[in-house]
Amino acid sequence: MTATTRGSAALALPRRVLAAVGDGAIALLRWPCFVAALGAAVTTAAAAPATWRRPVRSEFQRMMRIAGTRAVWATLGASALVGVAMVYQALYWLGAAGQDRLVGTVITGVLVRELAPVVVGLMLAGRAGTLTLIELGTVRGSARFAALEASGIDPLLLLVVPRVLAFALASVSLTVIFVAGALVTGWAASFAAASSNVGLLAFLDDVLRAMAAGDFVLLPLKGVLIGAVVGLICCATALGAPELARTPTRLIPRGFAYAILGTFLVSGVVSLVL
């Protein structure tokens, strides 16, 4: 055996190890890179006035009705439950402990900064996100996707851009509605139970005073980012895997699970940064 042959044999194992590590890293990073690239493409396309032709505007308006308008009552219902379960409990127990001055701080830290954007993101993924997975999966798994391309219609502009932007706008709007509904419902429950003598305006003033300048940036920022990420993940899941799009029983659970993970990831990262 020559020296060259012995050297090649000695390097065979390290090469196989490096190849295995590289394959795993590529497989792990392929999906996040695809979603990030899709987000960059959506941002670039949305900023171009030529994108917003009548079919794109019509699709955006339709998705706003689905993701935003039709979700208002469900958001108010969820906010009422959170208001009774959290805001009322905070008013009651902090008042019983003589720590009324901490009510605004506790509600701001829990409801405004963390809970509201996440709950709205989960509701958005469950309602409009599931519908997006079904619609785009049907298009991607059939000949309609090829027909769009053959007709000179960019699927990114017609299918992805209006959905992602509608999700982002609906998310931030519903987050504000959720916070307002939870605060009013919690105060009303506390007032009805005679556990608090603070007026509504005084209570809302305490909450606003407890919010720092960064909180007024964090709330809409989280809403926009969570909505956009949920929309991107649902679109990427349906359009990025044609073989998966033909099997809705696999597509919908995977897309929904990814959307949930994306919601928590965005919320955690933004909270750490701000």
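Guide: Residues are numbered from 1 along each chain as its sequence is written. In this predicted model local features need pLDDT of at least 70, side-chain atom pairs count only at pLDDT 80 or more, totals for chains, interfaces and linings use all residues, and side-chain values use heavy atoms, leaving out hydrogens and water.

Visitor: What makes Trp31 and Phe34 a tilted aromatic pair?

Guide: Rings of Phe, Tyr and Trp (its six-membered ring) pair if their centres lie within 6.5 Å; planes under 30 degrees apart are stacked, over 60 edge-to-face, and the rest tilted. Trp31 and Phe34 lie 6.2 Å centre to centre with 45° between the planes, so they pair and count as tilted.

Visitor: Why is the pair Tyr92 and Trp93 called edge-to-face?

Guide: Their ring centres are 5.0 Å apart and their planes stand at 85°, so the pair is edge-to-face.

Visitor: How do you know whether Trp93 is buried or exposed?

Guide: Buried means under 20% relative accessible area, exposed over 50%, and partly exposed in between (1.4 Å probe, protein chains only). Trp93 has 55%, so Trp93 is exposed. Tyr92, at 35%, is therefore partly exposed.

Visitor: And why is Ala236 called buried?

Guide: Its relative accessible area is 0%, so Ala236 is buried.

Visitor: Which residues does Ala236 touch?

Guide: Leaving aside residues up to four places away in sequence, Ala236 touches Trp31, Phe34, Val35 and Leu38; contact means heavy atoms within 4.5 Å. Trp31 and Phe34 also belong to a cluster with Tyr258, linked by ring pairs.
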